[in-house]
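I opened this entry to record what I looked up, going from the overall fold to the strands and then to one helix pair.

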Amino acid sequence: MKKESLEKLNFEKQARLFKALMHPARLAILDVLRYGEHCVCHLEAALGYRQAYISQQLMLLRDAGIIEDRRNGWNIFYRVINPGIYTVIDAAHQITGTYCGSEPSRQYEKPLSNCPCPKCNADKGISLNLNKEHACPPVEGSLKTISIKMEN
Ligand SMILES: [Zn+2]
């Protein structure tokens, strides 16, 4: 009985992970984050979704333990916690016959002309700390999560 419930718990953990992946927008976000951390502004410029929508998807990915956020001055960057997630995603690409390779995601590492984020504007000499007007707004609930983490 005890063994059964333990197994069920493990499967539920896996199901939670797959559930978090089960959305085209979230897979697109993870594709952008494949080679490095990015802020909401960059995701918005790269994918063309509205910022509120991206924030919502980021929260779901964060709650599922797939990504984490890091504050740097006025900006919050999102990154994948365990890159092993791309093994799962690449297996899905292989099974569905969609792209499977590193080059498409690498395009997001180059500065995007329509992006106000500090990474894309680094060569324009804008300092990270003085970049107030280009600061990406934090995702709702970010600070709350940080304080919860600290309590634990
Ligand atoms: Zn950018």
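For the count of elements I took helices as DSSP runs of H or I with at least four residues and strands as runs of E with at least two, numbered from the N terminus. The model I am reading is a predicted one.

Overall fold. On that basis I found 7 helices and 3 strands in the protein, and reading along the sequence I noted the order α-α-β-α-α-β-β-α-α-α. I then looked up burial, and 22% of the 152 residues count as buried. Among contacts with a separation of 6 or more, I noted that 61% come from residues 24 or more positions apart.

Strands. I next asked which strands pair with strand 3. Strand 2 (residues 67-72) pairs with strand 3 in the antiparallel sense over 6 bridges, and there Ile67 has Val80 as its bridge partner. The hairpin of these two strands has 2 residues between them, and Gly73 takes a positive phi near 65° in it. Strand 1 (residues 38-39) also runs antiparallel to strand 3 (residues 75-80), joined to it by 2 bridges, with Cys39 standing opposite Phe77.

Helix pair. I then turned to helix 2 (residues 24-32) and helix 4 (residues 51-63), which pack at an angle of about 80° with their axes 10 Å apart. Since angles of 65 to 115 degrees count as roughly perpendicular, helix 2 and helix 4 are therefore roughly perpendicular to each other. From helix 2, Ala25, Arg26 and Ile29 meet Ile54, Gln57, Leu58, Leu60 and Leu61 of helix 4, and I sorted the residues of this contact into 6 nonpolar, 1 polar and 1 charged.

Notes: Residues are numbered from 1 along each chain as its sequence is written. This is a predicted model: local features need pLDDT of at least 70, side-chain atom pairs count only at pLDDT 80 or more; totals for chains, interfaces and linings use all residues. Two strands pair if DSSP finds at least two bridges between them. A residue is buried if 20 or more other C-beta atoms lie within 10 Å of its own, exposed if 12 or fewer, and partly exposed in between; C-beta atoms are placed from the backbone. Two residues are in contact if their C-beta atoms, placed from the backbone, lie within 7 Å. Axes are lines fitted to C-alpha atoms, for helices over the stretch in contact, and angles run from 0 to 180 degrees between N-to-C directions. Angles under 35 degrees count as roughly parallel, over 145 as roughly antiparallel, 65 to 115 as roughly perpendicular and the rest as oblique. Ala, Val, Leu, Ile, Met, Phe, Trp, Tyr, Cys and Pro count as nonpolar, Asp, Glu, Lys and Arg as charged, and the others, Gly among them, as polar.
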